[in-house]
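Colleague: I would like a close look at one part of this model, with the cut-offs behind each term. Please go through it in one piece.

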Amino acid sequence: INMLDCKIIIVLHDEKSVNKASARLFMSHQTLNNRLDASEKIFETQLFVKSNKGITFTEAGTRLHEYSSKMLSEYSKMLSFVTEKQNQVSGVLRIG
């Protein structure tokens, strides 16, 4: 599972709909479904229950959502930490 999968889980949890989540993520409905199916194969358990009313998370899916939120938060912190020096001006300035 990668950062895109974590983002998919988070957005899907927020939207409660595959159609809305796929639109928000700018990805096709089929691609999103394929990623969800792949996640269930990786964990060898049902993570979601799909119905005409939308999607609900199983207990395992809820745990995955919680962990995905933590992972994405830490990933964002890592990106900020690694790139913070790039945005700072440094060195010696000599005038005259």
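Which does Ser39 count as, buried or exposed? Please start there and then work through the surroundings.

Modeller: The model is predicted, so local features need pLDDT of at least 70 and side-chain atom pairs count only at pLDDT 80 or more, whereas totals for chains, interfaces and linings use all residues. Residues are numbered from 1 along each chain as its sequence is written, and side-chain values use heavy atoms, with hydrogens and water left out.

Ser39 counts as buried because its relative accessibility is 4%; buried means under 20% relative accessible area, exposed over 50%, and partly exposed in between, with a 1.4 Å probe and protein chains only. Ser39 sits in helix 3, residues 29-43. Helices are DSSP runs of H or I with at least four residues, strands are runs of E with at least two, and both are numbered from the N terminus. Setting aside residues up to four places away in sequence, Ser39 touches Ile1 and Leu47, where contact means heavy atoms within 4.5 Å.

Ile1 belongs to the segment before helix 1 and is partly exposed, with a relative accessible area of 42%. Beyond its neighbours within four places in sequence, Ile1 is in contact with Ser39, Ile42, Phe43 and Leu64. Ile1 and Arg35 are 34 residues apart in sequence, and their C-alpha atoms are 9.5 Å apart.

Arg35 also takes part in the packing of helix 1 on helix 3. The axes of these two helices are 11 Å apart, at an angle of about 105°; axes are lines fitted to C-alpha atoms, for helices over the stretch in contact, and angles run from 0 to 180 degrees between N-to-C directions. Helix 1 and helix 3 are therefore roughly perpendicular, a term for 65 to 115 degrees, with under 35 roughly parallel, over 145 roughly antiparallel and the rest oblique. The contact is made by Leu4, Asp5, Ile8, Ile9 and Leu12 of helix 1 and by Leu32, Arg35 and Leu36 of helix 3. These residues divide into six nonpolar, no polar and two charged. Here Ala, Val, Leu, Ile, Met, Phe, Trp, Tyr, Cys and Pro count as nonpolar, Asp, Glu, Lys and Arg as charged, and the others, Gly among them, as polar.

Asp5, in helix 1, counts as buried at 9% relative accessibility. Its side chain makes a polar contact of 2.9 Å with the side chain of Arg35. A polar contact is a pair of N or O atoms within 3.5 Å; within protein, one must be able to donate a hydrogen and the other to accept it, and residues adjacent in sequence count only if both atoms are side-chain atoms.

Helix 1 also meets helix 4, residues 59-83, with axes that come within 9 Å and cross at roughly 125°. Helix 1 and helix 4 are therefore oblique to each other. The contact involves Met3, Cys6, Lys7, Ile9, Ile10 and His13 of helix 1, and Leu64, His65, Ser68, Ser69, Met71, Leu72 and Tyr75 of helix 4. Eight of the residues in this contact are nonpolar, four polar and one charged.

Cys6 lies in helix 1, residues 3-15, and counts as buried at 0% relative accessibility. Not counting residues up to four places away in sequence, Cys6 touches Ser68 and Met71.
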